[in-house]
Amino acid sequence: MNASLPISKPLGGSPEKAPVLYWGFFLLWLLFFPAAHAAGQPPAAAIASAHPAATRAGMEILQLGGNAFDATVAVSAALAVVEPYGSGLGGGGFWLLHRASDGREVMIDGREKAPLAASRDMYLDSRGRPLARASIDGPLAAGIPGTVAALVHISQRYGRLPLKQSLMPAIRLAREGFAVNEHYRRMAAFRIDALRASKAAAQQFLKDGEVPPLGHIIRQTDLANTLQAVADQGRQGFYAGKLAQQMVQAVRTHGGIWSKEDLLGYRVVERKPVVGHYRGWRVVSAALPSSGGVLLLEMLNMLALRDIGSMAAADRIHYLVEVMRRAYHDRARWLGDADFVDVPLPRLLSPKYARQLAATISMEKATPSASLAGFKAAGRDTTHFSILDKQGNRVAATLSINYPFGSGFVAAGTGVLLNDEMDDFSIKPGVANVYGLVGAEANAIEPGKRMLSSMSPTFLESDDGVVILGTPGGSRIISMVLLGLLQAVEGNMVAQWVSQPRFHHQYLPDEIQVEPGAFSKELQQELKKRGHTVSIKERPWGNMQAVYWNRKDNEVEAASDPRGNGLAIKSPE
């Protein structure tokens, strides 16, 4: 915890005129409580991100005298270059910030918005049926991006260094290029049809129309020029002028509905994070339009009612699954952009509501998801990074362009790959999006509205330490963060938080999704006896990035998910 020294308003006026008795007390305080003073700041900085080049970009900025917020700009921009399948200037995200000097906590909402010409039924045909892939592929699927506005905002409001300096590592990466790895190849193969449909995207991310070979260098001159324009002109370099005109023209030429007014009118929002408590830890997470913080606290409230640590494996998994089922049901029913719809947050987050939900859980049998419809009591994409600096500033940030490589569309001459976040709206009540999530009226499309998200950058804090974590993974993000937080509360090592086997339930489809090898055959059989459908997936999911400041021992650890290619490093102490 930060040690607050009482020297700004000493007895008798200015520090120079402070009474001798005051200074004597102050010196005694330092003598007898040196550990408390030392614990006020971490001994090292740490960064964990999904790509080594992005982690190194952030460390470079810290070493140049920047703080965690300057490093945030550097890491975000670098990931836009080297992880085009996960995030980018054409996407958005949530940046959860803690400023050590005054304890300020804020979520920077850089989520995409629906264009002003968007309409409720824009992805339905004349008979009310969803148009195939209309909300997934091509520029009609793109919301108005918020990443650039968020980075400029963070730099100007919270950083120490000029924006231009924080963007230099990303500009250099875009010009010099990065080597294609196996994960890039898998993502490009998965989205190759969408990439081929955009001439500019194919030129930027493919080689002769095919997935690039391992080690091929991806150089992005147009993207470097766009980053330079932002470095020189701030948000005007992206949301106005020549670049904005190029993007709007390209989008409209290829069937999209963007306008200059959409770009000029985009604004980030500073939101109060969602805050709760679990077994002596303070939980700080993303606010709406992210569903992450709300669902995390709702689930933790239910988990606090049982001693899950003493449960047998099958009982623990069963109870966790039933908790997930109920929270995701509430996501589908109640949650949306609170600037547009009324969301009953006080009720959803109340202990009374948690008790009501938990009372419906049977330990002997699964609750069919269909039976929750009348209850009245109430991935492979995206990216995440976690940062802690030596002053104690910290950032958890989750960024996205939605599906791998977003919409697959690049506005020619800009290097900007556009998102397909419009699919995160409920295009029709009860119709699942690309991640299988269903929604209702609260998340229906409206002009200028932010679509509901699962991104869940999170802090966990107690006298013992500070946890900074998050992960990509589409609809599974929230359950992954939940499992990571439980690992932290139970006192396990940071490496275990990010590497533990994962399972997930999201209300619909009514199944427990399980990573390969996560459940024994005996555990699967026991869960099936209780009525669960167990679906073992072909591949593991997620790419968690975590930093931990152990306040008791005043040590810093960081870990990057072994499922990915990320890098977690800390500065010398």
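Is Tyr 239 buried or exposed, and what is its relative accessible area? I looked this up before anything else in the predicted model. Tyr 239 is buried, at a relative accessible area of 1%.

**Entry: the partner of Tyr 239.** I then examined Phe 238, which forms an aromatic pair with Tyr 239.

**Entry: a second pair.** I turned next to Trp 497 and Tyr 548. Their ring centres are 5.5 Å apart and their planes stand at 70°; the angle is over 60 degrees, so I recorded the pair as edge-to-face. Trp 497 and Tyr 548 are both buried.

**Entry: aromatic rings overall.** How many aromatic pairs does a search of the whole structure find? I recorded 11. I also noted one aromatic cluster, made up of Tyr 85, Phe 178, Tyr 184, Phe 205 and Phe 405.

**Entry: charges over rings.** I checked two arginines against tryptophan rings. Arg 476 sits over the face of Trp 541, 4.0 Å from the ring centre. Arg 551 sits over the face of Trp 549, 5.1 Å from the ring centre.

**Entry: nonpolar cores.** Which residues have the most contacts inside the largest nonpolar core? I found Leu 303, Tyr 319 and Phe 503, in a core of 87 residues. Helix α15 (residues 313–334) supplies the largest share of this core, with 11 residues. I listed the contacts of Leu 303 beyond four places in sequence: Tyr 278, Arg 279, Ile 308, Tyr 319, Leu 320, Val 323, Leu 482 and Leu 486. Apart from this core I found another, of 83 residues, including Ile 47, Ala 78, Tyr 85 and Val 211. Tyr 85 is also a member of the aromatic cluster noted above.

**Entry: confidence.** The protein chain averages 92, and 92% of the residues score at least 70. Over residues 1–39 the pLDDT remains under 50, and the model gives this stretch 33 contacts beyond four places in sequence. Residues 375–379 also have a pLDDT below 50, with 19 contacts in the model beyond near neighbours in sequence.

Key:
Residues are numbered from 1 along each chain as its sequence is written. This is a predicted model: local features need pLDDT of at least 70, side-chain atom pairs count only at pLDDT 80 or more; totals for chains, interfaces and linings use all residues. Side-chain values use heavy atoms; hydrogens and water are left out. pLDDT is the predictor's confidence in each residue, from 0 to 100. Contact means heavy atoms within 4.5 Å. A nonpolar core is a set of buried Ala, Val, Leu, Ile, Met, Phe, Trp, Tyr and Cys residues joined through side-chain atoms within 4.5 Å. Buried means under 20% relative accessible area, exposed over 50%, partly exposed in between (1.4 Å probe, protein chains only). Helices (H or I, at least four residues) and strands (E, at least two) are DSSP runs, numbered from the N terminus. Rings of Phe, Tyr and Trp (its six-membered ring) pair if their centres lie within 6.5 Å; planes under 30 degrees apart count as stacked, over 60 as edge-to-face and the rest as tilted. A charge sits over a ring if NZ of Lys or CZ of Arg is within 6 Å of the ring centre and within 35 degrees of the ring normal.
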